[in-house]
Amino acid sequence: MARILVLEDDKSLNRGITLTLSREGYMVDAAECMAEAGKLLEQHNYELVLCDITLPDGSGLDFGRRVRMQRDSYLVYLTALDTETDMVNGYESGADDYITKPFSLMVLVSKVAALMRRMDESLGQRLCSGGVQVSLKDMSVTKDGQSILLSKKELQLLIYLMDHAGRIVTKENIAEHVWEYDGQFLDDNTVPVNISRLKNKLGTDRIANVRGLGYLWTGKVDRK
């Protein structure tokens with residue numbers, strides 16, 4: 001059973017999210033401030049962290065960075081901050097998704113279910129290319145033998161690119177298969193920002209930007 005941490009200072013919204021996800025069968029721990037959430041993070045392993053950004057004792061972006069350093073949990077921001085800059089900052093801090101308020105609890109449940117499905121997919125294989133190796137069994141990445149820490153979405157993006165090595169994939173393709181959207185509901189910067197962050201973390205030139213067309217993993221990929 002997946003365990004979820006909800007960090008939200010709005011008591012009513014926190015309670016609504018917690019009850020809704022609990023009814024869906026998830027184990028849910030709730031916190032209303034970073035200090036409380038930090039204690040829970042030390043005590044439990046979470047598959048998903050849902051995090052507000054504007055909190056009484058600091059910025060949720062800082063808590064998100066802490067999650068990214070300590071855990072391989074999915075990280076999703078739930079926030080009223082809806083400018084382009086806010087979203088870019090959210091993704092750059094390691095977010096897998098960024099949901100602006102107000103939002104439907106049923107839509108949130110669908111997003112959570114989609115993330116959980118991703119966790120269970122593609123087990124028991126390794127993808128290898130140019131020193132980059134992805135273990136699909138334990139969902140880990142190494143580059144020239146050195147461990148690379150990626151967010152869940154960065155990992156899914158890398159797998160999608162490597163699965164389609166030698167073929168150009170459009171931004172819309174990526175949005176549909178990695179974020180499970182049809183493109184029009186996803187911020188235009190989401191895919192480019194995550195591509196850029198993935199390239200920087202991997203330190204590889206195998207991810208090519210084909211101007212006006214999309215993205216391409218340029219090296220041969222072996223499955224082992």
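Strand β1 (residues 3-7) is joined to β2 by five bridges, and the two strands run parallel. Two strands are said to pair if DSSP finds at least two bridges between them. Helices (H or I, at least four residues) and strands (E, at least two) are DSSP runs, numbered from the N terminus. Within this pair, R3 stands opposite M27 in β2. The model is a predicted one, in which local features need pLDDT of at least 70 and side-chain atom pairs count only at pLDDT 80 or more, while totals for chains, interfaces and linings use all residues. Residues are numbered from 1 along each chain as its sequence is written, and side-chain values use heavy atoms, with hydrogens and water left out.

Strands of a sheet pair through backbone hydrogen bonds, either parallel or antiparallel. Both β1 and β2 belong to an open sheet of five strands in the order β2-β1-β3-β6-β7, with parallel pairing. The edges are formed by β2 (27-31) and β7 (97-100), each of which pairs on one side only. On average, and with direction ignored, neighbouring strands of this sheet are turned by 15 degrees against each other.

Helices lie against this sheet. Helix α1 (residues 11-23) lies across β1, β2, β3 (48-51) and β6 (74-79), and runs at about 170 degrees to β2. Helix α2 also packs on the sheet, where it touches β1 and β2, and its direction makes about 145 degrees with that of β2. Axes are lines fitted to C-alpha atoms, for helices over the stretch in contact, and angles run from 0 to 180 degrees between N-to-C directions.

Helix α2 (residues 34-43) packs with helix α3 (residues 60-70) at an angle of about 10 degrees, and their axes are 11 Å apart. The two helices are therefore roughly parallel (angles under 35 degrees count as roughly parallel, over 145 as roughly antiparallel, 65 to 115 as roughly perpendicular and the rest as oblique). Contact (heavy atoms within 4.5 Å) is made by M34, A37, G38, L41 and E42 of α2 and by D62, F63, R66, V67 and Q70 of α3.

S135 has S140 in β10 as its bridge partner. The hairpin of β9 and β10 has four residues between the strands, and M139 in the turn has a positive phi of about 55 degrees. Buried means under 20% relative accessible area, exposed over 50%, and partly exposed in between (1.4 Å probe, protein chains only).

Strand β10 also pairs with β11 (residues 146-148), in the antiparallel sense and over three bridges. T142 has S147 in β11 as its bridge partner. Two residues lie between the strands of this hairpin. D144, in the loop between β10 and β11, has a positive phi of about 55 degrees although it is not a glycine. At 57% relative accessibility, D144 counts as exposed. Most residues other than glycine have a negative phi, and most peptide bonds are trans. A cis peptide bond joins K101 and P102, with omega about -5 degrees; P102 is found in the loop between β7 and α5 (105-120).

The chain as a whole has eight helices and 14 strands. Of its 224 residues, 50% count as buried.
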